[in-house]
Amino acid sequence: MTMLALAAAAAEVATGNATDAALTEGAILLGVATLFVLIFRRLGLGAVLGYLIAGALVGPHGLGLVGGGESKLAFAELGIAFLLFLVGLELSPGRLWQMRRAIFGLGLAQVVVTGLVLTGLIYLTLGFSWQAALALGLPLALSSTAQVLPSLKSSGRINSPFGEKAFSILLFQDLAIVPMITIIAVLSRAPADPSAPPGWHMAFFTVWAIVVLVFAGRFVVNPLLRLIGRYGERELFVVVGLLTILASAALMHSLHLSTALGAFIAGVMLADSPYRHEIESDVEPFRLILLGLFFLAVGMVLDIDVVLADPLRVVMLALGLVAVKVSVLTVIVRLFGKSWKTALGLGLLLSQGGEFGFLLFTQAAGALLIRPEAASLFSAVVTLSMVTTPFLMLFARNLEFSPDRDGEAPEGPDDAPLGSAIVIGYGRFGQIVAQMLHGVACSVTLIDKKPSQIELSSRFDTKVYFGDGLRVDLLRRAGADEARLIIFCIDDASVDAAAVKPVVDAFPQAKVLMRVFDRRQLMAIDGAGTAGAVREVFESSIALGLLALRELNVDPREMEDVETALRHMDQTRFDAQMADGDLSAGMDHRFKPGGGREAASVLEKLRQRRQAAKAAKEEAKDEAKEGEIERATATRA
């Protein structure tokens, strides 16, 4: 009993020590990362460089404040899976099919040509065998998805022609990991592992896993999201989003395939889902945290001793890698018919080494193709090449947006598109508003939080996305940063200025319009900064009132006066209510039994104005007639 108690106590102490160490390391990592990211953001160099430097500083090869860089890197690679999942959400299968030429043309050319060029240079200049040179050259052809895609997403360029080409190359690079692993396994000098699957098995497993993920997304995840939408539990969307990413990544990892590729396929399968924006908004914070941890871990595994042993060699190799990749990719993109600026911009953007290089170098060392020292050396080269990326991205962006001298003349204002609008609430009111926008070829994104309305709209070939349109993060995912109009057509009398103002402030380029329930809600949104609001039954009530007057055979001119007077008094009454903050203010400014003093006064002014206009018109007519008579008399004379 005593031994058991001692063992239990020892286990508890060990667990407590491990927990204390984990908490301490977490606090150190986050504290140092926050400091360096703020500094590098302030310098305009981006967050990635701050994470890398912070990780190198506190890691086991730096000050030694935090250890276990390899284990943290393995866990943090989930950040890449989250990133690829979110990118997949923006690419429907149809759009992905349209990009097939760029993926399997431009992407294949980049990986093969760059890999072979680097292999040849390593073989000729560094004295490696051709097998070792190939095991090093092919991984060095890969670029950093974790660095490039967040930059494209945050700047809104992921869907631009430039961003699509960059993404196509990165996607093919993820696909190329499987054949690269197979090549290293074939060249391996280590004793064969009987448990390792042959290369053709991995290719078969890749196709099988993709099919499984496609069917799971269509027949499991989408129905599950519809069920959750009916209950309106937001946290369940978070759970399902995380479950989808982790399950797809786990499936691919169990088959020794790219976890990021599995997450990307899962995202593509949900790209057409009406719940896409809700999932995207809920998953995004996890992606940001895990990607930050990933770059911290990359900095931690950087072997400073390898760099310090021969710093000039490491720096020259890193710069050489960047220069070769820029040159080769620029020529390849140019051969695909793109301008020199676009080609050079893509070359600069994808010039760094990729995170999957660490994995492939480790595998090459395990296959006895290279020494562990060489794996550490080229891991340091890849890390240093990543350090150059924030600087090169600045040049790449300038090249992307600079005009070509030999390009077409800019379009005039008459050729400019009408822009886009987001309509929130697709009930009876929102449907009419959306139809009018469609009538002038305005691009419209529809959002509603009623699953029944979404399912009903889908029967009429109308795509409506699920979500709470008052959430700024969700609106940003829906494209509100580029929208010219944000129109709230929701049937909710509780929405006030506090709910709407964050949307107005977040998207200053967009005019925010609102449907309100009554004048009480119109008063409640005062100060929100909306460009306009319409009471939901005001115009229809006036239309029915005019129809009633017409049935009473009221003179059309009298009907027009009554409508104008009603609108004038309603606005005057509302102004008084806003000034006093009292709904009972301005009671005289309305039609009452017997007409009412203010109503009679307004009507009388309108009648007098109409009579004066009529008299002026008749007078002008008489003058014109007299002039015609005088001209006729003069002609006869």
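**Surface, helix packing and backbone**

The protein chain exposes about 32,600 Å², of which carbon and sulfur atoms supply 63%, with accessible areas taken from the Shrake-Rupley method with a 1.4 Å probe and only the protein chains shown counting as cover for residues. This is a predicted model, in which local features need pLDDT of at least 70 and side-chain atom pairs count only at pLDDT 80 or more, while totals for chains, interfaces and linings use all residues. Residues are numbered from 1 along each chain as its sequence is written, and side-chain values use heavy atoms, with hydrogens and water left out.

Trainee: What percentage of the residues of the protein chain count as buried?

Mentor: Buried means under 20% relative accessible area, exposed over 50%, and partly exposed in between, with a 1.4 Å probe and protein chains only. Applied to the 637 residues of the protein chain, that cut-off gives a buried share of 45%.

Trainee: How many helices and how many strands does the protein chain have?

Mentor: Helices (H or I, at least four residues) and strands (E, at least two) are DSSP runs, numbered from the N terminus. Counted in this way, the protein chain has six strands and 26 helices.

Trainee: How are H6 and H7 oriented to each other?

Mentor: Axes are lines fitted to C-alpha atoms, for helices over the stretch in contact, and angles run from 0 to 180 degrees between N-to-C directions. Helix H6 (residues 100-125) and helix H7 (residues 130-140) have axes 7 Å apart and pack at an angle of about 140°. Angles under 35 degrees count as roughly parallel, over 145 as roughly antiparallel, 65 to 115 as roughly perpendicular and the rest as oblique. That makes H6, relative to H7, oblique.

Trainee: Which residues of H17 make the contact with H7?

Mentor: The axes of H7 and H17 cross at roughly 170° and come within 9 Å, and the two helices are therefore roughly antiparallel to each other. Contact means heavy atoms within 4.5 Å. On the H7 side the contact is made by Ala135, Leu136, Pro139 and Leu140, and on the H17 side by Gly357, Leu360, Phe361 and Ala364.

Trainee: Is Leu368 buried, partly exposed or exposed?

Mentor: Phi of Leu368 is near 65°, a positive value in a residue other than glycine, and the residue's place is in the loop between helix H17 (356-366) and helix H18 (372-401). Most residues other than glycine have a negative phi. With a relative accessible area of 47%, Leu368 is partly exposed.

Trainee: Is Asn553 buried or exposed?

Mentor: Asn553 has a positive phi of about 60° although it is not a glycine, and it is found in the loop between helix H24 (538-551) and helix H25 (556-580). At 70% relative accessibility, Asn553 counts as exposed.

Trainee: How many disulfides does the structure hold?

Mentor: A disulfide is a pair of cysteine sulfur atoms within 2.5 Å. Cys442 is buried, with a relative accessible area of 10%, and Cys489 is buried too, with a relative accessible area of 3%. By the sulfur cut-off, the number of disulfides in the structure is zero.

Trainee: What distance separates the C-alpha atoms of Ala247 and Ala266?

Mentor: Ala247 lies in helix H11 (residues 234-254) and is partly exposed, with a relative accessible area of 42%. Ala247 and Ala266 are 19 residues apart along the chain, and the separation of their C-alpha atoms is 9.5 Å.
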